[in-house]
Amino acid sequence: MDWDFSNFRPEELACRHTGQEGIKYELMVALQSLRDEMGFPFIITSGYRSLEHPIEAKKKTGGTHSLGLAVDILCSDKQAFKIVTNAAKHGFTGIGVNQKGSRDQRFIHLDIAGIKNGKVRPKIWSY
């Protein structure tokens, strides 16, 4: 993919287990658009996950991360609220909220899965 996303590097979205890249262009367009509006840095804790990634390997079928359609963003408090309240207008159809534990464990999951990916959307959930 031609990389034209000023706030992100391909390696920060690659699989943390295998190093493979697989993030979809459409996800990056939505992510960069949201980041531009928010005006604060996004720390990606999980982007693409290969099917060999320990989290994906436990599943019967790969999830949205293994399809290159999801990211997890480290955030809490006001930043988490801003991301959740603005994500849908940038095309995100799946929003997972984990705001338990210490600040370095809290994140927002965002994905652009659609019905064609076997997921019911739009959807929001908590971990």
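**Close-up views of a predicted model**

**View 1. Where helix H2 meets helix H4.** Leu-34, Glu-37 and Met-38 of H2 are in contact (heavy atoms within 4.5 Å) with Lys-82, Ile-83 and Asn-86 of H4. By class, this contact has three nonpolar, one polar and two charged residues; here Ala, Val, Leu, Ile, Met, Phe, Trp, Tyr, Cys and Pro count as nonpolar, Asp, Glu, Lys and Arg as charged, and the others, Gly among them, as polar. This is a predicted model: local features need pLDDT of at least 70, side-chain atom pairs count only at pLDDT 80 or more, and totals for chains, interfaces and linings use all residues. Residues are numbered from 1 along each chain as its sequence is written, and side-chain values use heavy atoms, with hydrogens and water left out.

**View 2. How the two helices cross.** The axes of H2 (residues 25–38) and H4 (residues 77–86) come within 11 Å and cross at roughly 130°. Axes are lines fitted to C-alpha atoms, for helices over the stretch in contact, and angles run from 0 to 180 degrees between N-to-C directions. Helices (H or I, at least four residues) and strands (E, at least two) are DSSP runs, numbered from the N terminus.

**View 3. The open sheet.** Five strands line up in the order S1-S2-S4-S3-S5, with mixed pairing; two strands pair if DSSP finds at least two bridges between them. S1 (43–46) and S5 (123–126) are the edge strands, each pairing on one side only. From one strand to the next, the twist averages 25°.

**View 4. S1 beside S2.** S1 and S2 (residues 70–74) pair in the antiparallel sense over three bridges. Ser-46 has Asp-72 in S2 as its bridge partner.
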